[in-house]
Amino acid sequence: MLDQHGYRPNVGIILTNPLRQVFWGKRLGQHSWQFPQGGINRGESPREAMFRELWEELGLFENQVRIIGRTEDWLRYDVPDRWVRRDLRGIYKGQKQIWFLLELLGKNKDINLKATNHPEFEAWRWNDYWVPLSQVIEFKRNVYKEALTELAPLIFTDKKSLTPPPRWERAEGPNHFRLYRN
């Protein structure tokens, strides 16, 4: 389902824990990390799609999270032609996303990457809110930047936390973290 401009409606999920860290998932069979995201089906609201994707990708139910907020409008990114199926080239431009900021009410053990027969992630970790954008695939970086910046005031009140760290857009992430697999 594409809109008249060639964008597929989609939702993105920024899941936080009580330490205001964010869920960061390692794509199955790849060396890339990202937030959960997925398409909106015909007749489905962004909120309904978000809860469906939350279950499909993280095995979490609606009562295990709290919605803190969402982006006011769609955020868009274009997908490079080399990533687009041949039959969609010239028709499909990319994705438009509504981003949701959620708080995990449950425990780490509640996250189940194998809740469905088609897992998206093979591992996950908690990361600082201002995830290093260098770890995000290049064509999605601007949308991540926009979503994190727009939603930060909903969980941070101090000016220091509202400001991304120096060189945020180019910084590499820490090499030490706890990796969760299930």
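Me: In E7, which residue is the bridge partner of leucine 75?
Reply: This is a predicted model, and the pairing belongs to it. E6 and E7 run antiparallel and are joined by four bridges. Within that pairing, the residue of E7 that partners leucine 75 is glutamine 97.

Me: Is glutamine 97 buried or exposed?
Reply: Glutamine 97 lies in strand E7, where it touches Asn10, Val11, Gln37, Thr71, Asp73, Trp74, Leu75, Tyr77 and Val143, leaving aside residues up to four places away in sequence. Its relative accessibility is 0%, and since buried means under 20%, glutamine 97 counts as buried.

Me: What is the length of the polar contact that joins the side chains of glutamine 97 and asparagine 10?
Reply: Asparagine 10 is among the residues that glutamine 97 touches. The two side chains are also joined by a polar contact, and its length is 3.1 Å.

Me: Which element supplies the largest share of the largest nonpolar core?
Reply: The largest nonpolar core has 28 residues, and those with the most contacts inside it are Ile14, Phe35, Trp99, Tyr129 and Leu148. The largest share, five residues, comes from H2.

Me: What is the geometry of the aromatic pair formed by tryptophan 55 and phenylalanine 61, stacked or edge-to-face?
Reply: A pair of aromatic rings is described by the distance of the centres and the angle of the planes. There are twelve aromatic pairs in the model. For tryptophan 55 and phenylalanine 61 the centres are 4.8 Å apart and the planes make 25°, an arrangement that is stacked.

Me: How is the pair of tyrosine 129 and phenylalanine 156 arranged, and which parts of the chain does it tie together?
Reply: The ring centres are 5.2 Å apart and the planes lie at 85°, so the pair is edge-to-face. Tyrosine 129 is buried, with a relative accessible area of 3%, and phenylalanine 156, at 9%, also counts as buried. The pair ties together parts that are 27 residues apart in sequence, namely the loop between E8 and H2 and the loop between H2 and helix H3.

Me: Which residue has its charged end over the ring of tryptophan 33?
Reply: In one such arrangement, the charged end of lysine 96 sits over the ring of tryptophan 74, 4.7 Å from its centre. Over the ring of tryptophan 33, 4.4 Å from its centre, sits the charged end of arginine 125.

Me: What is the value of phi of arginine 20?
Reply: Most residues other than glycine have a negative phi. Arginine 20 lies in the loop between strand E1 and strand E2 and is partly exposed, with a relative accessible area of 42%. Its phi is a positive value, near 65°.

Terms used:
Residues are numbered from 1 along each chain as its sequence is written. This is a predicted model: local features need pLDDT of at least 70, side-chain atom pairs count only at pLDDT 80 or more; totals for chains, interfaces and linings use all residues. Side-chain values use heavy atoms; hydrogens and water are left out. Helices (H or I, at least four residues) and strands (E, at least two) are DSSP runs, numbered from the N terminus. Buried means under 20% relative accessible area, exposed over 50%, partly exposed in between (1.4 Å probe, protein chains only). A nonpolar core is a set of buried Ala, Val, Leu, Ile, Met, Phe, Trp, Tyr and Cys residues joined through side-chain atoms within 4.5 Å. Contact means heavy atoms within 4.5 Å. A polar contact is a pair of N or O atoms within 3.5 Å; within protein, one must be able to donate a hydrogen and the other to accept it, and residues adjacent in sequence count only if both atoms are side-chain atoms. Two strands pair if DSSP finds at least two bridges between them. Rings of Phe, Tyr and Trp (its six-membered ring) pair if their centres lie within 6.5 Å; planes under 30 degrees apart count as stacked, over 60 as edge-to-face and the rest as tilted. A charge sits over a ring if NZ of Lys or CZ of Arg is within 6 Å of the ring centre and within 35 degrees of the ring normal.
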